[in-house]
Structure formats: C-alpha cells, structure tokens
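Open the model in your viewer and keep the sequence at hand. The stops below say what to select and what is there.

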Amino acid sequence: MGAEFDVLEATITDLSRAMATGEVTSEQLVRIYLKRIATYDRAGISLNSVLEINPDALFIAAALDQERKLAGPRGPLHGIPVLVKDNIDTGDKMHTSAGSLALAESYAPKDSYVAAQLRRAGAVILGKANMTEWANFMTVGMPSGYSSRGGQVLNPYLPESLSPSGSSAGSGVAVAANLCAAAIGTETSGSILSPSNNNSVVGIKPTVGLVSRTGIIPIAFSQDTAGPMTRTVADAALLLGALTGVDPADPATAASAGHAHRDYTRFLDKDGLKGARIGIPRGPWFKRYEADAEDRFESDELKLFKDAVQTMKELGAEIVDPADLAYMEYWESSVLDYEFKPALNAYLASLGPSAPFRTMKEIVAYNAANPEAMLRYGQKLMAGSEATSGNLTEPAYIQDRLRDIRQTRQEGIDRTMAEHKLDALLFPATWGCWIPARAGYPSIQVPAGYAADGRPFGITLTGTAWSEPTLIRLAYAYEQATKLRRPPTLEKA
C-alpha cells in the first residue's frame with residue numbers, strides 16, 4: 001500500500017489534478033480529511049471547528065468517482081470535500097441549527113441555493129462548520145466561535161489566547177487547519193473577513209445579491225451573503241463562480257444578471273497590480289487604529305500593513321494616501337435589530353410543519369426557560385429584536401436604512417473611488433469592514449504576514465458593487481508576489 005496522499009496546503013486545483021491522474025480518489029480524500037478532523041478537531045489540539053459530519057459523504061464521493069470514470073468530471077470542484085457553515089440549509093441527514101440547541105433537531109426540507117450549487121458542481125459537502133450562535137446576533141459579549149450546540153471554536157495559531165473571530169469561525173479554522181479543501185461562510189458585517197484575518201485564510205465577502213440568500217438562517221435582508229473561505233485566492237475565485245446564479249426565490253440576485261461570472265479564475269493575473277490605483281482611507285478612525293496598536297503592543301501589525309503597501313507599490317500600484325471616505329466615522333444603525341425578527345420568522349416558516357419553532361418569540365421563550373444551557377451570555381439582541389413590530393415600518397429603521405445606503409454608497413465608497421479614480425480601497429486587517437457591509441459591497445481578505453507572537457495579519461481590499469473581478473485580480477497579484485500564508489502547527493509540544 002502506498003503512502004497516504006498529502007492534503008496539507010493542497011489547493012483545489014492540486015486535488016482536482018490528482019484525481020484526474022488517478023493519484024487519489026474523492027472517496028480517499030474524504031477519508032483523509034475525516035482522519036484529520038478526528039485527530040485535530042475533537043482530539044489533540046481540539047479545535048472544535050466541525051459541528052457535524054455528513055453521514056453520506058463517503059457514499060457521495062464514491063458515486064462521484066464512478067461518475068468521473070464513466071462521464072468525466074463536471075468541473076474543477078468534482079469530488080472536492082467542502083464544509084458549509086451551520087446556518088446553511090442542506091436537505092439531507094444533517095441538521096441546520098445556527099449553532100443553537102433550540103434548532104439542534106431541525107432538518108431543512110431542501111438544500112439552500114448555495115448547497116444546491118455546490119452539489120451541481122460536484123463538490124462533496126463534508127459536514128457543517130461550527131459557528132458563533134445565531135451568527136453572533138443573539139447577545140452582546142458572546143465570544144466569537146461559541147455556540148450552545150457546538151461549544152467554543154479555537155484558533156489553530158494561538159488556541160489559548162487568540163479569538164477565531166467572526167461568526168464563520170469554524171469555517172475559517174477548518175480551512176486554516178486543512179480539515180477540508182475549502183469552506184463556505186456567511187457575513188452580515190465582518191463574519192467572513194474577520195475569521196479569515198485571524199486564521200490566515202482568504203475570504204471573499206461578495207456583493208449582496210451575487211450569491212443567493214435562500215435557505216440560509218438570516219440576520220438581515222439587506223446585508224447577508226454567503227462567500228468562499230479558502231487558503232488561496234485562486235481557490236476562492238474558483239469556488240465563488242460555483243455559487244453565483246439568478247435565483248427566482250431571491251429577488252436580490254436578479255440585479256446580478258450581467259455582473260455575475262461562472263468563472264472568476266479568468267481574472268487571476270500575477271501582474272494585476274501594475275497601474276492599479278489603491279486608496280487608503282485615513283481619518284480619525286485610522287489614527288485610533290494606530291494608537292490602539294501601540295497601546296496593545298501591536299505595532300508589528302502597523303509594520304506589516306506598511307510592508308503590504310510597499311509591496312503593492314513595487315508591483316506597480318499607485319497608492320493614493322489618504323483617500324478619505326466622506327463618512328468614515330462609525331455611526332450606530334438599528335437596521336439589524338429591526339430586520340432580524342422578520343428575516344428569522346420567514347426562515348422558520350420555510351421549514352414547514354416539522355419546524356421545531358415557528359417564530360423568534362418561541363425561541364426567545366425557549367431560551368428563557370432553559371437558561372443554564374441557552375443563556376450563558378444572555379439574549380439581549382434577540383430579545384430586543386423580538387420587541388420590534390417585525391413589519392419594518394418603524395421610522396427609526398427606515399431612516400437608518402436610507403442613511404446607511406446613502407452614506408456608505410453614494411457619498412461613501414462610490415464617491416471616494418470616483419473622485420480618486422480608484423480600483424480599490426485598502427484596509428489593515430478588517431478595520432472599516434462595516435462600511436462595505438452596510439453598502440452591500442464586496443471585499444476580499446488576504447494573508448499579509450504574522451505578528452511577533454504568531455498572530456496572523458491580513459489586508460482587506462474593498463470596491464464598489466460587482467467589483468469582485470477587480471478585487472480578485474489585485475489580491476491574486478499581491479498573494480503571488482508574497483506567498484506569506486503558512487499553516488498552523490497543530491501538534492502539541
């Protein structure tokens with residue numbers, strides 16, 4: 001018997017090529033990733049990033065191997081094992097719970113659009129990734145990566161001291177630790193970008209409407225989106241193309257017609273930064289970032305950011321510094337508070353008569369009746385949302401929603417990029433991620449090095465609506481010139 005195929009840091013292209021040459025099968029890949037999950041996720045370092053394994057994964061992989069022999073591969077994702085976040089419906093033997101014990105026995109009646117697209121492309125849905133409960137909109141003060149159903153996700157780089165960050169914590173950790181080939185996360189505000197930054201992976205938060213929201217446990221109609229989390233920009237581009245499509249059940253996707261692509265890998269360009277204009281928004285927020293970094297002895301992050309800027313210059317980019325956004329100061333918005341209730345109630349209604357709960361009100365009551373298991377950190381945000389009308393008629397909601405659109409789009413990102421003729425905006429780590437989140441605009445996070453203590457650091461590139469091709473081109477050029485990502489050490493000392 002030959003040596004086991006080495007999946008460590010293997011790209012989707014590497015795995016696809018190995019299956020094409022017969023070096024490995026999809027079924028073998030599933031076994032290898034399952035072995036790594038058994039070794040590092042619930043034993044050893046105990047990352048706790050995988051909430052549930054698909055009991056049919058090996059059968060699905062074997063069927064795809066047979067299909068490859070008889071008809072050839074469907075495409076580059078054929079037989080590739082992928083994890084999906086636990087708020088993404090799969091109409092199979094796995095639960096979809098948003099990390100909550102309240103939905104621990106909830107089965108979706110059918111695939112989400114995202115899951116259906118993955119299966120159509122030939123991917124093997126390996127299992128569900130753990131996440132921050134209710135996508136971190138249950139309460140204030142809940143640690144990132146904690147859920148009542150799954151427990152606490154740990155960061156593979158610094159498990160005892162560094163947060164896995166964001167609600168897509170399990171997806172980011174599993175990718176970083178090579179427990180899957182790739183994963184799907186979701187973002188409302190920072191939940192793909194932040195775990196990508198803290199776990200040294202690539203994450204794309206798409207334009208809202210590029211990827212269907214159907215069958216995903218929501219927070220907000222206006223800001224929710226799913227997106228790829230991978231170890232390379234090329235893999236993220238490849239996976240993003242499989243997720244796009246106009247979904248009749250999701251009106252937001254209608255606007256993607258003419259903007260969406262089925263193959264984003266054609267925008268990969270090692271020379272993509274030549275002649276590009278990159279703007280750095282500086283203002284009171286950036287001064288606070290610099291001060292915070294010094295106060296928290298994280299000045300090495302500032303150096304890493306400056307190094308990234310210098311690299312881009314050397315690769316031919318013109319850096320516009322500053323390129324201040326008209327509205328850069330954070331403001332409180334009530335949009336998520338008001339949208340959570342009707343969004344969740346609509347999702348629960350879609351589950352049909354077998355749904356364990358029909359309304360947010362019932363879930364709030366269930367949590368209150370089981371405080372030891374459900375209310376370790378309270379439910380301030382969920383209870384607050386339940387207290388709203390659920391009809392989105394409150395003047396405060398309407399005013400905040402219109403303000404968010406105006407100040408982050410027309411008078412924010414759009415205006416700044418037009419005035420300075422920019423290809424993208426550049427942020428350190430995930431600072432400023434709330435701006436494209438409220439705008440519904442895309443961002444990409446790319447590894448940019450490590451602090452002295454081993455803490456990952458990344459950069460975020462942001463653009464206007466449907467600018468994913470440009471962001472991918474810029475990020476790929478930077479990544480290929482630097483290749484700074486390194487895998488975490490999972491073996492205990």
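Two strands pair if DSSP finds at least two bridges between them; strands (E, at least two residues) and helices (H or I, at least four) are DSSP runs, numbered from the N terminus. This is a predicted model, in which local features need pLDDT of at least 70, side-chain atom pairs count only at pLDDT 80 or more, and totals for chains, interfaces and linings use all residues. Residues are numbered from 1 along each chain as its sequence is written, and side-chain values use heavy atoms, with hydrogens and water left out.

Select strand β9 (277-279) and strand β11 (424-428): they run parallel, joined by 2 bridges. Ile 278 is opposite Ala 424 of β11.

Now show the whole sheet. Its 11 strands form an open sheet with mixed pairing, in the order β1-β3-β2-β6-β8-β7-β12-β13-β11-β9-β10. β1 (50-53) and β10 (318-320) are at the edges with a single partner strand each, so one side of each has no neighbour in the sheet.

Next, select helix α4 (113-120). Tyr 113, Val 114, Ala 115, Gln 117 and Leu 118 are buried there, that is, under 20% relative accessible area, where exposed is over 50% and partly exposed in between (1.4 Å probe, protein chains only). Covering these buried residues are, among others, β2 (81-85), β3 (124-129) and α7 (233-243), in contact (heavy atoms within 4.5 Å). Just after α4, Gly 122 has a positive phi of about 95 degrees.
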